[in-house]
Amino acid sequence: DVDGAEGGQVHQLSGGLPLAMAYSVGYLSVHRHLPALKRSHHNQPPSEIAHYCVAASLKQLKAPSAHHLLMAAALFTEKFSVKAAAHVADLPQPSEGTYPELSSLYRLSLVNKLDKLYYSMHAFTQDFATEKLENDLVFKEAAQERWLNWYISLVQPLAENWLDWQDYSNIELEWSNIRALFNWCMETERYTTTQKLWLGLRGYTLVRGYWDERQVWMDGFIKMAEQRDDQVGLAQAIFYKAQTLVHIDDTDAQGEALDLLKSFWQLKAPVDSDITFAALAYIAAIYRQRNDLIESR
């Protein structure tokens with residue numbers, strides 16, 4: 001797609017136009033000339049030329065904040081919101097509500113505009129930005145903390161009354177990013193941070209039926225809680241896994257959910273009363289479903 005109003009730059013890099021050409025057109029729209037290719041580039045594969053064109057574009061970006069924004073955007077998957085990326089890049093909120101750094105990246109075809117709120121980045125650009133991020137460990141560490149805090153703030157309001165229906169529209173929009181962040185936290189064993197995220201996501205994942213994620217995450221929680229001898233955290237993780245299994249199969253044909261619920265009671269950990277009552281309800285439901293199944297036979 002070529003947007004004539006923005007100087008003729010190419011914004012959709014995933015189509016048939018070669019990446020090197022897409023980046024070159026973006027460069028041309030801003031600087032009014034093409035990046036200078038050396039004779040040695042002529043026999044290089046298109047990916048190497050594309051890499052050179054991205055680097056040439058970034059060299060022309062004078063503001064460090066534009067580089068920071070590109071590196072921050074690399075932390076997101078599929079898409080990123082303007083506000084989230086700006087927060088992660090630690091950009092101050094402009095009075096006019098727009099970010100010139102993002103406009104520069106957009107005109108250079110380094111990011112794609114999806115709508116008024118969201119942008120995306122081609123996988124090639126993301127790999128390049130990730131490489132830059134890995135070479136700036138001070139910024140990377142700070143950016144990751146801001147990235148974590150952004151999504152913790154987003155999900156925390158949903159931590160209370162999690163068994164009731166709530167407005168999950170913000171979570172829905174950001175689910176791919178939140179899931180990737182959660183998996184990253186599990187892989188890096190950020191136990192406390194992951195617990196905070198989970199409290200805000202337990203209702204959403206239950207309502208939406210994300211059974212695979214819940215099982216994998218709870219297995220990870222159980223392992224980390226056991227390593228830390230955290231009896232409360234262990235009891236909670238056991239309960240949430242049992243809850244997941246009951247929703248997958250309310251007869252608990254394999255008996256796994258009931259075994260988990262028995263383990264939950266044996267721990268006698270001081271968990272919240274809503275979890276205790278829910279555990280009792282699930283045990284009663286399993287026995288009731290089993291009796292109904294026997295009678296029906």
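Helices (H or I, at least four residues) and strands (E, at least two) are DSSP runs, numbered from the N terminus. This is a predicted model, in which local features need pLDDT of at least 70 and side-chain atom pairs count only at pLDDT 80 or more, while totals for chains, interfaces and linings use all residues. Residues are numbered from 1 along each chain as its sequence is written, and side-chain values use heavy atoms, with hydrogens and water left out.

View 1. Let us start with the overall picture. Of the 297 residues in the chain, 48% are buried, where buried means under 20% relative accessible area, exposed over 50%, and partly exposed in between (1.4 Å probe, protein chains only). The accessible surface comes to about 15400 Å², and carbon and sulfur atoms hold 52% of that surface; the areas come from the Shrake-Rupley method with a 1.4 Å probe, and for residues only the protein chains shown count as cover. Contact here means heavy atoms within 4.5 Å. Among the contacts with a separation of 6 or more, 64% join residues 24 or more positions apart.

**View 2. Aspartate 212 in helix α10.** Aspartate 212 counts as exposed because its relative accessibility is 60%.

**View 3. Helix α8 (residues 169-187) beside helix α9 (residues 191-208).** The two axes come within 11 Å and cross at roughly 135°, so α8 is oblique to α9. Axes are lines fitted to C-alpha atoms, for helices over the stretch in contact, and angles run from 0 to 180 degrees between N-to-C directions. Angles under 35 degrees count as roughly parallel, over 145 as roughly antiparallel, 65 to 115 as roughly perpendicular and the rest as oblique. On the α8 side, look for residues including Trp175, Phe182 and Met186; on the α9 side, those in the contact include Leu197, Trp198 and Tyr204. By class, this contact has 11 nonpolar, 3 polar and 2 charged residues. Ala, Val, Leu, Ile, Met, Phe, Trp, Tyr, Cys and Pro count as nonpolar, Asp, Glu, Lys and Arg as charged, and the others, Gly among them, as polar.

**View 4. Helix α3 (residues 64-73) packed with α5.** Here the axes are 9 Å apart and the angle is about 70°, so α3 is roughly perpendicular to α5. Ser65, Ala66, Leu69 and Leu70 of α3 meet Glu101, Leu102 and Leu105 of α5. The contact is made up of 5 nonpolar, 1 polar and 1 charged residues.

**View 5. Leucine 91 in the loop between α4 (82-88) and α5 (100-107).** Leucine 91 counts as buried because its relative accessibility is 13%. Beyond its neighbours within four places in sequence, leucine 91 is in contact with Ser65, Leu69, Ala86, Tyr99 and Glu101. Leucine 91 and serine 65 are 26 residues apart in sequence, with 7.0 Å between their C-alpha atoms.

**View 6. Aspartate 229 and aspartate 252, each with a positive phi.** Aspartate 229 sits in the loop between α10 (211-228) and α11 (231-248), and its phi is near 55°. With a relative accessible area of 59%, aspartate 229 is exposed. Aspartate 252 belongs to the loop between α11 and α12 (256-267) and has a phi of about 50°. Aspartate 252 is buried, with a relative accessible area of 4%.
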